[in-house]
Amino acid sequence: MSDHKQLVLDEVRTYHRETAPDREFVPGVTEIWPSGAVLDEEDRVAIVEAALTLRIAAGPSSKKFESAFAKRLKRRKAHLTNSGSSANLLAVSALTSHQLGERRLKPGDEVITVAAGFPTTVNPILQNGLVPVFVDVDLATYNTTADRVARAIGPKTRAIIIAHALGNPFEVAEVAQLARDHDLFLIEDNCDAVGSTYDGQITGTFGDLTTVSFYPAHHLTMGEGGCVLTSDLGLARIVESLRDWGRDCWCEPGKNNTCFKRFEYQMGDLPAGYDHKYIFSHVGYNLKGTDIQAALGLSQLAKLDGFIEARRRNWRRLREGLDGVPGLLLPEPTPRSEPSWFGFVITVDPEAPFSRAELVEHLEERKIGTRRLFAGNLTRQPAYIGRPHRVVGDLTNSDVITEHTFWIGVYPGLTDEMVDYMTATVKEFVARHG
Ligand SMILES: Cc1ncc(COP(=O)(O)O)c(C=O)c1O
């Protein structure tokens with residue numbers, strides 16, 4: 001490392017220590033966020049070091065992150081994207097590729113998903129001219145069940161995309177078996193669940209494709225960012241092509257002629273020898289990340305185990321602290337799973353002498369941040385009314401979630417003192433309204 005670079009990075013470390021925020025927690029004054037990035041000195045150094053190299057597009061750090069993350073999530077390939085939503089768009093779009101032949105999804109084909117969740121798990125279905133088939137979820141786990149998925153499979157069903165709800169795995173082994181039995185593709189939206197396991201197996205390894213988000217609320221952050229992972233090399237090529245403008249060439253950024261026949265292809269109606277770098281076999285996008293994001297991702301990845309453990313510890317502390325409080329339905333891990341939690345979900349019993357809105361107001365006034373279980377019942381959201389879809393069974397619990405559910409944080413930035421204050425604040429409210 002050059003002396004000047006070392007000097008700059010040493011200064012960055014000094015700056016970091018000098019500007020470290022005051023850690024004193026003042027109950028009712030200090031904001032307790034439901035989620036947030038946990039960034040340390042190493043992260044700051046990683047970002048500055050990446051900036052110093054002036055490698056501002058995707059490059060070696062992106063490649064390094066992709067192979068490290070693929071290894072960590074036990075998939076053969078990872079493709080970095082600019083968000084988790086882009087990752088979902090790529091995963092679903094990949095299933096429509098002509099390169100899948102007869103297995104490809106065509107407009108009007110159905111994709112099973114859940115009604116209560118994040119919009120961009122579902123949007124790529126509509127964006128690709130496919131039809132979402134909505135099923136309900138259970139309360140307490142906030143996941144659907146393999147039984148519900150099985151009942152939703154019809155003659156036009158070709159794929160399933162479901163998120164592991166707020167870190168809690170759905171019955172993914174059973175759903176993967178259904179997918180195999182019915183020749184359906186399975187996408188696991190693992191954006192909220194990095195590190196969760198089901199039957200001892202890490203989530204994201206059961207389906208054909210899996211997606212991750214690196215937005216600050218998530219287990220790892222790059223500011224913005226996401227990833228598509230798969231062990232199917234054919235799907236990986238399609239994802240890469242769609243991510244990178246639709247090009248057929250798979251050279252890494254800044255590289256040429258990886259295939260040794262750059263000027264020997266004849267595709268479409270193009271003249272023979274047309275530069276492979278500029279042959280487009282998909283109607284693609286540009287959804288790539290950058291090396292500055294990847295440098296932060298690598299620094300965050302080194303801390304992933306600690307982040308997961310902290311999320312689990314905070315969740316357990318809240319769960320034990322709130323156990324038995326009347327009027328609240330507390331979250332439960334899906335049987336046979338070990339979640340890597342995203343948040344702590346609470347449903348206020350519709351019969352309770354207080355409402356979700358009153359409890360949320362009480363918490364927010366005391367600086368405890370709350371969030372909704374994302375969109376609630378998506379079919380009731382303005383964007384989705386009148387869109388083609390099918391509902392199988394009723395969406396009673398999705399409606400309960402829309403009215404009565406919210407979540408509070410478990411992210412690693414929370415201290416025991418904060419978690420205990422959260423518990424005490426909920427209990428104080430319930431005791432007053434009992
Ligand atoms: C389950 C789920 N899927 C997808 C996303 C989208 O990720 P991003 O915000 O990176 O686009 C989110 C975002 O929080 C999410 O919770």
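**Exercise 1. Work out how helix H2 crosses helix H9: is the crossing left-handed or right-handed?**

Step 1. The crossing of H2 and H9 is right-handed. A crossing is called right-handed if the near helix is turned clockwise from the far one by less than a right angle, and left-handed if anticlockwise. Helices (H or I, at least four residues) and strands (E, at least two) are DSSP runs, numbered from the N terminus.

Step 2. Keep in mind that this is a predicted model, where local features need pLDDT of at least 70, side-chain atom pairs count only at pLDDT 80 or more, and totals for chains, interfaces and linings use all residues. Residues are numbered from 1 along each chain as its sequence is written.

Step 3. Now the geometry: the axes of H2 (residues 41-53) and H9 (residues 291-301) come within 8 Å and cross at roughly 150 degrees. H2 is therefore roughly antiparallel to H9. Angles under 35 degrees count as roughly parallel, over 145 as roughly antiparallel, 65 to 115 as roughly perpendicular and the rest as oblique. Axes are lines fitted to C-alpha atoms, for helices over the stretch in contact, with angles from 0 to 180 degrees between N-to-C directions.

Step 4. Finally, the residues. From H2, Glu42, Asp43, Ala46, Ile47, Glu49, Ala50 and Ala51 meet Asp291, Ile292, Ala295, Leu296, Leu298, Ser299 and Gln300 of H9; contact means C-beta atoms, placed from the backbone, within 7 Å. This contact has eight nonpolar, two polar and four charged residues. Here Ala, Val, Leu, Ile, Met, Phe, Trp, Tyr, Cys and Pro count as nonpolar, Asp, Glu, Lys and Arg as charged, and the others, Gly among them, as polar.

**Exercise 2. Describe how H1 packs on H2.**

Step 1. Helix H1 (residues 3-19) and H2 have axes 9 Å apart, at an angle of about 145 degrees.

Step 2. H1 passes H2 in a right-handed crossing.

Step 3. On the H1 side, the contact uses Lys5, Val8, Leu9, Val12, Arg13 and His16, and on the H2 side Glu41, Arg44, Val45, Val48, Glu49 and Leu52. By class, that gives six nonpolar, one polar and five charged residues.

**Exercise 3. Which strands stand at the edges of the eight-strand sheet?**

Step 1. Write down the order of this open sheet: E1-E9-E8-E5-E4-E2-E3-E13, with mixed pairing. Two strands pair if DSSP finds at least two bridges between them.

Step 2. E1 (77-81) and E13 (390-391) are the edge strands; each has a single partner strand, so one side of each lacks a neighbour in the sheet.

Step 3. Look at one pair: E2 (residues 110-114) and E3 (residues 131-135) run parallel over five bridges, and threonine 113 stands opposite phenylalanine 134 in E3.

**Exercise 4. How many residues of domain 1 are in contact with domain 2?**

Step 1. The contact involves 45 residues of domain 1 and 41 residues of domain 2.

Step 2. On the domain 1 side, E3 supplies the largest share, five residues. By class, that side has 26 nonpolar, 10 polar and nine charged residues.

Methods:
Two residues are in contact if their C-beta atoms, placed from the backbone, lie within 7 Å.
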